[in-house]
Structures are given as C-alpha cells and as structure tokens.
Amino acid sequence: MTTLIEALRQLHNGIFGVIERLTNGWFFGLFARFVFAATLYNYYLNSAKTKIGDGIFGIFDITDSAYIQIVGKAFEAAGYEQSAMPLPAHIMVYAGTYGEFILPLLVIFGLFSRIGAVGMIMFIIVQTYVDATAHNVALGSLFNGQPADIIDQRLFWFVPLAYVALKGAGKISIDFPLSRWWQRRVG
C-alpha cells in the first residue's frame with residue numbers, strides 16, 4: 001500500500017511540478033488580467049461613457065449624469081447645478097469618471113499594473129459603498145448561498161485584481177520590460 005501511495009505522490013508531483021514550472025512567472029498574471037478584461041472591462045467602459053459628452057472631445061465634458069451617478073444626493077441638493085457643487089464633489093466625479101477609463105487599461109496592459117489594480121480595488125469599494133448608500137442596492141451577505149448578491153460578485157471582482165496587486169502582471173506585460181530597463185539603468 002505504501003508503494004502505491006508513493007507512486008501516486010510521485011505521479012502527482014511530476015505532473016503538477018512540470019505544469020508549475022511551465023507557467024511560473026507569466027501565466028497567472030496574464031490570466032488574471034485576461035479575466036478582468038473579459039468580465040469587467042466593457043462594464044467599466046460603458047459606465048464611463050455615460051458620464052461624458054458626445055464625440056471625440058466628449059471625454060473633456062463631464063456631464064450631469066456623472067454627478068447624478070457619483071454624488072447624486074448632493075447634486076440634487078445643489079439644484080442639479082455643477083457650479084454649485086463643492087470642490088471635493090468635483091474631485092470625486094472627475095476621479096471616478098477618468099478612473100473608469102484609465103485604471104482598467106493599466107491593469108489589462110500591465111502598465112503600472114499594481115497601481116492600477118489597487119486603484120480598481122479602491123474604486124470597487126467606493127462603488128459598492130455608493131451603490132448601498134446612494135442607490136439603496138441590497139448588498140446581501142457572504143456565506144448565504146446566494147452568489148448573485150452584490151457582495152459576492154464584488155468579492156469575485158477582487159480576486160484577479162488582488163493577484164495583480166500582490167504578484168504583479170507577470171512577464172507578458174508592459175511592466176516587465178520597463179522594470180528590466182529601469183534595473184539596468186539604475187543598477
């Protein structure tokens with residue numbers, strides 16, 4: 001019996017050892033960014049598009065829709081006048097709008113990917129808070145067997161971002177050659 005268990009252990013270690021060596025340093029960073037791109041990029045791009053004006057220069061025109069989505073109650077209290085909003089509200093709206101455009105691209109292309117991933121994690125936390133407090137979305141709860149709850153979905157969103165934030169984008173990214181260039185330049 002011991003030899004059978006040892007043979008199975010060696011087979012297991014042999015197979016998964018080869019897989020681990022072949023994927024080390026490139027696969028999971030690329031896979032995490034692919035999962036993020038495939039599942040969330042269009043969501044954030046479409047959301048960002050609802051906050052800007054039309055046409056090629058619309059990116060420079062933050063619309064009332066951005067204020068309604070991000071600081072809705074305060075915008076309503078200000079009579080739906082952007083000029084009546086305090087500076088912190090403008091900063092939140094501009095950061096939120098441009099963050100939806102820029103941060104996902106940093107993660108996907110692996111350019112300053114850790115910063116982009118941490119930014120997206122913070123963005124999701126703020127987004128979830130706004131959904132719960134301003135839009136009255138029921139978050140649900142963890143461990144309740146309801147994976148469609150917002151809290152469960154957002155936790156899944158964190159997984160690829162947490163990997164990129166902690167481990168980096170991997171060898172198949174813009175960060176990798178930039179890092180090597182910087183190391184040669186400095187050291």
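## Helix α2 against helix α6

The crossing of α2 and α6 is left-handed, a term used when the near helix is turned anticlockwise from the far one by less than a right angle, the clockwise case being right-handed. Helices here are DSSP runs (H or I, at least four residues), numbered from the N terminus. This is a predicted model, in which local features need pLDDT of at least 70 and side-chain atom pairs count only at pLDDT 80 or more, while totals for chains, interfaces and linings use all residues. Residues are numbered from 1 along each chain as its sequence is written, and side-chain values use heavy atoms, with hydrogens and water left out.

Helix α2 spans residues 27-49 and helix α6 residues 150-167, and the two pack at an angle of about 140° with their axes 9 Å apart; the axes are lines fitted to C-alpha atoms, for helices over the stretch in contact, and angles run from 0 to 180 degrees between N-to-C directions. That angle makes α2 oblique to α6, since angles under 35 degrees count as roughly parallel, over 145 as roughly antiparallel, 65 to 115 as roughly perpendicular and the rest as oblique. On the α2 side, F28, G29, A32, R33, V35, F36, L40, Y43 and Y44 meet R154, W157, P160, L161, Y163 and V164 of α6, where contact means heavy atoms within 4.5 Å. By class, this contact of α2 with α6 comprises 12 nonpolar, one polar and two charged residues; Ala, Val, Leu, Ile, Met, Phe, Trp, Tyr, Cys and Pro count as nonpolar, Asp, Glu, Lys and Arg as charged, and the others, Gly among them, as polar.

Helices α5 and α6 pack at an angle of about 155°, with their axes 7 Å apart, which makes α5 roughly antiparallel to α6. Their crossing, that of α5 and α6, is left-handed. The residues of α5 that meet α6 include S113, A117, M120, I121, I124 and D131, and their counterparts in α6 include R154, W157, L161, V164 and K167. Divided by class, the residues of the contact of α5 with α6 are 13 nonpolar, three polar and four charged.

Helices α2 and α5 pack at an angle of about 55°, their axes being 14 Å apart, and this makes α2 oblique to α5. The crossing of α2 and α5 is left-handed. In this pairing F36, Y43 and Y44 of α2 meet M120, F123, I124 and Q127 of α5, and the contact of α2 with α5 divides into six nonpolar residues, one polar and no charged.

## Nonpolar cores

The largest nonpolar core has 17 residues, and those with the most contacts inside it are F36, Y44, V107, A117, M120 and L161. A nonpolar core is a set of buried Ala, Val, Leu, Ile, Met, Phe, Trp, Tyr and Cys residues joined through side-chain atoms within 4.5 Å; buried means under 20% relative accessible area, exposed over 50%, and partly exposed in between (1.4 Å probe, protein chains only). Helices α2, α4 (87-109), α5 (113-133) and α6 each supply at least two residues of this core, and α5 gives the most to it, with five residues.

Leaving aside its neighbours within four places in sequence, L161 is in contact with F36, V107, A117, M120, I121 and I124. Apart from this core lies another, of 14 residues, among them A48, Y67, F75 and F101.

Most residues other than glycine have a negative phi.

K167 lies in helix α6 and is exposed, with a relative accessible area of 58%. K167 and W181 are 14 residues apart along the chain, and their C-alpha atoms are separated by 19 Å.

Q183 has its place in helix α7, residues 175-186, and is likewise exposed, with a relative accessible area of 53%. Between Q183 and I52, which are 131 residues apart in sequence, the C-alpha to C-alpha separation is 39 Å.
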